[in-house]
Amino acid sequence: MKLIRNITLTLIFGLFCQIGTAQQQVMFTQYMFNGLAINPAYAGSHDNITATFLAREQWVGLEGAPSSQTFSIHSPFNASGSANIGALLIHDKIGVTDQTTAYLAFAYRIRFSGSARLAFGLQGGLSNYNSKFSRISNTDPVFANGDVNVNRPNFGAGLYFNTDRLFAGISVPQLVRSKLDVNNSDSDSRLERHYFGYAGYVFDISRDLKFKPNILFKYVGNAPLEFDLNANFLIKDIIWAGLSYRSFDSFDALIQVQATKQLQFGYSYDFATTTDLRRVNAGSHELMIQYTFVFGKKKIISPRYF
C-alpha cells in the first residue's frame with residue numbers, strides 16, 4: 001500500500017508540474033507579509049533592513065505533501081531609498097522532489113508627493129531541482145532510471161506601488177521556461193512563467209480597529225486563473241486576525257502579532273480544502289517570523305500594514 005500511495009502521489013505531483021500549476025511557484029497564505037517571495041520590486045519597501053522566515057507544511061497527514069520554507073532579507077541601499085537590494089532563499093519539497101532556489105533582487109524606487117512610491121524590480125538566481133524517482137522503485141525502469149538533478153538559472157521582474165494605506169503589484173518572478181528532464185527528449189517537464197497581480201487597502205473603522213482587504217491573482221499557462229481573497233482586521237495596532245479564500249483549494253484563518261515595533265509573528269491554518277484532498281489530510285500550517293533592524297536614529301513604522 002505504501003508503494004502504491006507513493007507512486008500515486010508522484011504521478012499527481014508530476015502532473016501538477018507538467019501542466020504548470022502554481023505549486024511550481026511556492027504558495028503562501030501570508031503572502032501580504034512576505035512580499036519579496038513573489039515580487040522583487042518589494043525590496044527595501046520597509047525603509048529598514050527586514051528579515052522574514054516563513055515555513056509551510058501543506059496537507060498535514062498526507063505522505064509526500066508539500067513542505068516549503070523561505071528566508072528573505074531586504075534593505076535600502078542608499079540614503080535616499082531610491083536603490084534597494086534583497087536576497088531570497090526558497091526550499092520546497094514535494095514527494096521525492098526537492099527544489100532549492102536562491103535569488104538576488106534589486107529595486108529602484110521613485111517617490112511621489114505624500115507617501116506614494118513606485119518601484120521597479122529585477123531578480124536573478126539559480127534553482128536546483130532534484131527528483132529521486134528511484135526511491136519509489138529500483139526495479140521498474142520508469143522510475144529506476146528517472147532521477148533528475150539539474151541546476152537552472154532564472155530571472156524575474158515586477159512593479160510595486162504603495163502609499164501609507166494602499167499597496168498594489170504585478171510580477172513575473174520566474175521568466176525563463178527551462179526544460180528540467182534533460183535525459184528525456186520527449187519530456188514536457190519544464191519551468192513555466194507565473195504571473196501575479198495583487199492589491200490591498202487599509203480602512204479605519206475606529207481608533208482601535210482597522211480593516212484591510214487584499215486580493216491576489218495567479219496565472220500560469222495551461223491552468224485556470226486562480227485568486228486569493230483575504231480580509232484582515234487590525235486590533236489596537238497589535239493583532240491582525242483574518243480569513244482567506246483560495247480558489248479551487250481552501251478556506252484559511254490567519255493571525256499576526258506585533259510583539260514589539262521590530263518583531264512580528266504570524267500563523268495561518270488552511271482548515272477546509274474544497275478539493276477531494278480534504279478526505280486524506282488535516283489541513284495546512286504556516287508560521288512566519290519577521291524582524292526589522294534599526295540602526296542609529298533611523299525611524300521605524302509600526303505596525304507594518306504590508
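User: What makes β1 and β2 a pair, and in which sense do they run?

Analyst: Two strands pair if DSSP finds at least two bridges between them. β1 and β2 have eight bridges, in the antiparallel sense, so by that rule they are a pair. The model is predicted: local features need pLDDT of at least 70 and side-chain atom pairs count only at pLDDT 80 or more, while totals for chains, interfaces and linings use all residues. Residues are numbered from 1 along each chain as its sequence is written, and side-chain values use heavy atoms, without hydrogens and water.

User: What makes strand β2 "largely enclosed"?

Analyst: Buried means under 20% relative accessible area, exposed means over 50%, and partly exposed lies in between (1.4 Å probe, protein chains only). Seven of the 10 residues of β2 (residues 67-76) are buried, so the strand is largely enclosed by the rest of the structure. β2 is also joined to β3 (residues 83-94) by 10 bridges, antiparallel, with S75 opposite I85. These two strands form a hairpin with six residues between them, and G81 in its turn has a positive phi of about 80°.

User: How many helices and strands are there in the chain?

Analyst: Helices (H or I, at least four residues) and strands (E, at least two) are DSSP runs, numbered from the N terminus. The chain comes to two helices and 15 strands. Buried residues make up 48% of its 306 residues.

User: Why is N34 called buried?

Analyst: The relative accessibility of N34 is 3%, so N34 counts as buried. N34 sits in the loop between α1 (2-18) and β1 (49-57). Contact means heavy atoms within 4.5 Å. Leaving out residues up to four places away in sequence, N34 touches F28, T52, L54, T70 and S72.

User: Why is D237 partly exposed rather than buried?

Analyst: Its relative accessible area is 31%, which is why D237 is called partly exposed. D237 lies in the loop between β11 (226-235) and β12. Its phi is near 60°, a positive value in a residue other than glycine.

User: Which strand is joined to β12, and by how many bridges?

Analyst: Eight bridges join β12 (residues 239-246) to β13, and the two run antiparallel. Y245 has F251 in β13 as its bridge partner. Their hairpin has three residues between the strands, and F248 there takes a positive phi near 60°.

User: How many cavities does the search find, and what makes a space a cavity?

Analyst: On a 1 Å grid over the protein atoms alone, a cavity is a set of points where a 1.4 Å probe fits but cannot get out; lining residues have an atom within 4 Å of a point. Grid points are joined across faces, edges and corners, and a volume is the space filled by probe spheres set on the points. The search of the whole structure finds five cavities of 30 Å³ or more. The second largest cavity holds about 80 Å³. Of the 10 residues that line the second largest cavity, V26, M27, F28, F196 and K218 are the closest to its centre.

User: Of which classes are the residues lining the second largest cavity?

Analyst: Ala, Val, Leu, Ile, Met, Phe, Trp, Tyr, Cys and Pro count as nonpolar, Asp, Glu, Lys and Arg as charged, and the others, Gly among them, as polar. The lining has eight nonpolar, one polar and one charged residues.

Key
1 Å grid on protein atoms, 1.4 Å probe; cavity = no way out; pocket = protein on both sides within 12 Å on 5 of 7 lines; lining within 4 Å.
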